Amino acid sequence: RRPLLAWVDGALVELGDKADTPTLVKEVKDNVTGTWSDSGTYGSGQALEYRLTITLPLSMESYDPYWIELHDTWDARLSLDEGSVRVALVAQSGGEKDLTAVTRVSVDGTSLTARIDDLRSTPAAPGDALVLTYTMYPDAQSAPGSAGLVNEAWANFPSWDGDGET
């Protein structure tokens, strides 16, 4: 654990513990190479597989409960296959457990929210990862050669100063 420090009005101020902040990565699977990356190539009519991976912080054991809320938004030229949404807990040791049943998922237009109210009631441990996967389908306006399909993701979680966001 390392403290997070900043200079404020010429003085060093401790902002909190860096271990409070989970890391989040959003990737798409390239339909040509089969690899995960922050961009991908696909052909007309092909499904796009997305995944959000959030690594749980060391400090999660300090909170009771420790909740996570994942948010995802996407380009209007994409349609979500709601039946494809899955949440898995991937342990540092390599084991995997399906947490879809304990995740509240809501979809509103071009956004998705997935929330687990208490990760401490699951086998989750600091350093493990939650992996949210889903499938999207592009419409005819997003054929190869068109402008990219931009989308973003972020997470909310408990933090030393209230609710954190990454």
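## A closer look

Guide: Of the 166 residues in the protein chain, 39% are buried, where buried means under 20% relative accessible area, exposed means over 50%, and partly exposed covers the range in between (1.4 Å probe, protein chains only). Please keep in mind that this is a predicted model, in which local features need pLDDT of at least 70 and side-chain atom pairs count only at pLDDT 80 or more, while totals for chains, interfaces and linings use all residues. Residues are numbered from 1 along each chain as its sequence is written, and side-chain values use heavy atoms, leaving out hydrogens and water.

The chain has 13 strands and 0 helices; both are DSSP runs numbered from the N terminus, with helices being H or I of at least four residues and strands being E of at least two.

Let us settle on strand β6, residues 68–73. Because 5 of its 6 residues are buried, β6 is largely enclosed by the rest of the structure.

Now for the charges. Side chains of opposite charge can pair when their charged atoms come close. A salt bridge here is a side-chain nitrogen of Lys or Arg within 4 Å of a carboxyl oxygen of Asp or Glu, and the structure holds 6 of them. One joins Lys26 and Asp72, at 2.4 Å from N to O. Since Lys26 lies in strand β3 (residues 23–29) and Asp72 in β6, this pair ties together parts 46 residues apart in sequence. Asp72 is buried, with a relative accessible area of 0%, and Lys26 counts as buried at 18%.

Another salt bridge links Arg115 with Asp117, whose closest N and O atoms are 2.6 Å apart; Asp117 is partly exposed, at 37% relative accessibility. Shared partners join Glu69, Arg104, Arg115 and Asp117 into one network of salt bridges.

Let us return to Lys26, because its charged end also sits over the ring of Tyr50, 5.2 Å from the ring centre; this calls for NZ of Lys or CZ of Arg within 6 Å of the centre and within 35 degrees of the ring normal. Rings of Phe, Tyr and Trp (its six-membered ring) can also pair with each other, if their centres lie within 6.5 Å: planes under 30 degrees apart are stacked, over 60 edge-to-face, and the rest tilted. By this rule there are 2 aromatic pairs. Tyr50 is stacked with Tyr134, at 5.4 Å between centres and 15° between planes. Tyr50 sits in strand β5 (residues 48–55) and Tyr134 in strand β11 (residues 129–138), 84 residues apart, so the pair links distant parts of the chain. Tyr50 is buried at 6%, and Tyr134 is buried at 3%.
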